[in-house]
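Me: Could you go through this one with me, starting from the fold and ending with the pockets?

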Amino acid sequence: PQPSPAMYLHPVNHTRLSMLRLPSRQSLRRVVEGGAAVQVRAIALNAAFLAVTRATQRLDATGTAAAAHAVTLQLWQLGGVVLFAISTVASIIIPAERARAGGGERAARAASSRLLAIGLLLGAALGG
């Protein structure tokens, strides 16, 4: 006997509708303040990159310096992506090690030391 499709159609309860309510002004204000700080940082970094790129292009009429700068900038940005990836992984692994049975503070410190070593090795490899 196959189940009836009607069994999957149950009325939407009140708890599901509560997920659709708008957040409070206080919580939105905190998000906007944090987001504004991140945006100011991103704008400042982009302005600095633009200024350095313009200065590099003025140094050399052949474009050799600008090309070298572009390659270096790409490597630097790759390092930033790797750093962001490692920090994201660390934000998951460290609390998980602390909460794991048999884990705790010592296991979390060991995991963070491993991640720092990986970051150091990758940084040395990218930095040459």
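This is a predicted model: local features need pLDDT of at least 70, side-chain atom pairs count only at pLDDT 80 or more; totals for chains, interfaces and linings use all residues.

Me: How many helices and strands does the protein chain have?
Reply: Going by DSSP runs numbered from the N terminus, a helix is H or I with at least four residues and a strand is E with at least two. From the N terminus on, the elements read α-α-α-α. That gives four helices and zero strands.

Me: What share of the protein chain is buried?
Reply: Buried means under 20% relative accessible area, exposed over 50%, and partly exposed in between (1.4 Å probe, protein chains only). The chain has 128 residues, and the buried share of them is 9%.

Me: How far apart are the end C-alpha atoms of H3?
Reply: The expected span is 1.5 Å times one less than the number of residues. H3 has 36 residues, so it should span 52 Å. The model agrees, with the end C-alpha atoms at 53 Å.

Me: Is Glu 97 buried or exposed, and what is it in contact with?
Reply: Glu 97 sits in helix H3, and its relative accessibility is 17%, so it counts as buried. Neighbours within four places in sequence aside, its contacts are Gly 103, Gly 104, Ala 107, Ala 108 and Ala 111.

Me: And Leu 83, how far in space is it from Gly 123?
Reply: Leu 83 is also found in helix H3, but it is exposed, with a relative accessible area of 60%. Leu 83 and Gly 123 are 40 residues apart in sequence, and C-alpha to C-alpha the distance is 8.9 Å.

Me: What about Ile 93 and Ser 112, how far apart are they in space?
Reply: Ile 93 is in helix H3 and counts as partly exposed at 30% relative accessibility. It lies 19 residues from Ser 112 in sequence, and the C-alpha to C-alpha distance is 8.3 Å.

Me: On to the pockets: which helix gives the most to the lining of the largest pocket?
Reply: A pocket is an open set of points on a 1 Å grid over the protein atoms alone, where a 1.4 Å probe fits, with protein on both sides within 12 Å along at least five of seven lines; lining residues have an atom within 4 Å of a point. The lining has 13 residues, with Arg 41, Leu 45, Trp 76, Gln 77 and Gly 80 nearest the centre. The elements giving two or more of them are H2 (25–59) and H3 (64–99). With seven residues, the top contributor is H3.

Me: Which helix gives the most to the second largest pocket's lining?
Reply: Of its 13 lining residues, Val 82, Leu 83, Ile 86, Leu 115 and Gly 119 are closest to the centre. H3 and helix H4 (105–127) each supply at least two residues. The most, seven residues, come from H4.

Key:
Residues are numbered from 1 along each chain as its sequence is written. Side-chain values use heavy atoms; hydrogens and water are left out. Contact means heavy atoms within 4.5 Å.
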